[in-house]
Amino acid sequence: MLTIESLTHLGLGRASDGRSLIPRVLPGEEIDVAQDGTVRIVTPSPDRVAAPCRHFKSCGGCAMQHASDEFVAGWKQDIVARALAAHGLHPAFRAIATSPVQSRRRAKFAGRRTKKGALVGFHGKASHTLIDVPDCQLVTPALLATMPALQELTLLAASRKGEADLTVTETALGADVLVGTDKDLTPDLRVTLAALANAHGLSRLVWNDEPVVTINPPDQDFGGTKVTPPPGAFLQATKAGETALLAAVDEITQGAARIVDLFAGCGTFTLPLAARAELHAVESESAMLTALDRGWRAGRNLRKVTTETRDLFRRPLEPDEFAKYDAVVIDPPRAGAEAQIEALARSDIKTIAMVSCNPVTFARDAKVLIDAGFAMPWVQVVDQFRWSPHVEIVSPFTRK
Ligand SMILES: C[S@@+](CC[C@H](N)C(=O)[O-])C[C@H]1O[C@@H](n2cnc3c(N)ncnc32)[C@H](O)[C@@H]1O
């Protein structure tokens with residue numbers, strides 16, 4: 001018999017033998033592991049719950065459905081607290097903002113042809129098996145409703161042995177679907193696909209890099225301004241998560257008349273903040289900034305917004321470039337923003353709203369700012385990746 005001592009940041013249980021890492025267990029649980037690796041829970045934790053989704057046993061889409069919401073919230077906050085503590089930082093935490101069940105508005109499904117037709121779903125736990133997920137508790141009902149369209153697309157996109165990637169994003173006027181496939185887009189196929197998109201009420205259908213048809217604008221709404229993102233472009237995973245992050249960023253930058261939004265994407269933060277401040281949006285993907293700029297031009301009652309395509313890893317804004325701004329919003333990818341944070345540390349900027357999806361790089365970058373005289377009054381964890389090990393973090397950094 002083994003006892004689970006703690007969980008890793010990926011949610012695996014560290015067992016008392018000092019070497020086993022066991023999935024889907026909780027600290028304090030006593031378990032038996034059979035010869036074939038089957039785990040039997042002998043003494044369950046009081047935090048163990050019946051999984052809300054009937055697919056949990058086989059599906060690999062979720063890792064933590066066996067734990068109560070309270071446990072997952074505490075565990076996620078602890079991951080961030082530990083990453084910060086490793087740098088000697090012990091800030092106060094605001095209450096976690098967890099997105100509701102069935103609120104993921106973007107998902108990447110896989111599709112495979114079968115003898116009977118097509119199977120669309122997520123991969124199984126640690127396997128290449130595809131699991132059909134008609135009652136998935138993660139994604140929005142609108143995404144689940146695209147399954148018949150995705151199955152038809154799979155018949156056209158997947159080769160005999162291979163899979164098709166199906167990235168689906170909810171929009172107000174139908175799903176925005178990006179198909180990743182080895183198959184070429186022939187003129188005949190284009191006609192078939194356009195008819196399929198029309199019949200299933202998709203807003204847009206894109207085949208690899210090639211747009212097939214746009215039936216309705218696949219717009220996202222950023223604070224009342226409509227933006228048409230490039231296919232598959234970054235989008236916060238849930239509307240609730242986006243709202244929580246924006247509320248924090250808005251609060252941190254209150255009173256700032258000129259804000260620079262670094263790693264701005266399509267304008268998730270830029271456009272809502274432009275209702276009260278002038279914004280400069282910097283980002284490496286020019287297509288995202290084109291979308292942001294178009295949205296701004298068609299938007300109403302917005303202050304001036306400028307955009308700049310720039311690789312902020314290689315060419316971060318220099319310290320003196322911040323002289324024009326009252327506040328900075330920074331939301332880098334998982335790698336963090338080492339070079340840009342070092343330049344910010346050397347600048348005279350007083351207010352930074354930092355958003356991050358990686359506790360390790362967030363803590364590293366936070367430490368540089370703290371050493372440069374910033375305070376970190378609070379940290380908030382935003383959980384828009386329910387039942388997964390992912391976390392999103394938002395925090396102010398301020399100095400006098
Ligand atoms: C986590 S996303 C945030 C986007 C946006 N703030 C939002 O909330 O929708 C990170 C963004 O950084 C951009 N990015 C990645 N590497 C970059 C780089 N080296 N320089 C500038 N932008 C980069 C990505 O294209 C992406 O839009």
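Two strands pair if DSSP finds at least two bridges between them; strands (E, at least two residues) are DSSP runs, numbered from the N terminus. This is a predicted model, in which local features need pLDDT of at least 70, side-chain atom pairs count only at pLDDT 80 or more, and totals for chains, interfaces and linings use all residues. Residues are numbered from 1 along each chain as its sequence is written, and side-chain values use heavy atoms, with hydrogens and water left out.

**Exercise 1.** Describe the pairing and burial of strand 22.

Solution. Start with strand 20 (residues 351–356), which pairs with strand 22 in the antiparallel sense over six bridges. Within this pairing, V394 of strand 22 is the bridge partner of V355. Next, strand 21 (residues 379–383) pairs with strand 22, also antiparallel, over three bridges; here E392 of strand 22 stands opposite V382. Finally, strand 22 (residues 392–398) is largely enclosed by the rest of the structure, because six of its seven residues are buried (under 20% relative accessible area, 1.4 Å probe, protein chains only).

**Exercise 2.** Locate T8 and list its contacts.

Solution. T8 sits in the loop between strand 1 (2–7) and strand 2 (13–15). T8 counts as buried because its relative accessibility is 12%. Leaving aside neighbours within four places in sequence, T8 is in contact (heavy atoms within 4.5 Å) with R14, L21 and W75.

Notes:
Helix = DSSP H or I, 4+ residues; strand = E, 2+ residues; numbered from the N terminus. Buried < 20%, exposed > 50% of the residue type's maximum accessible area, 1.4 Å probe, protein only.
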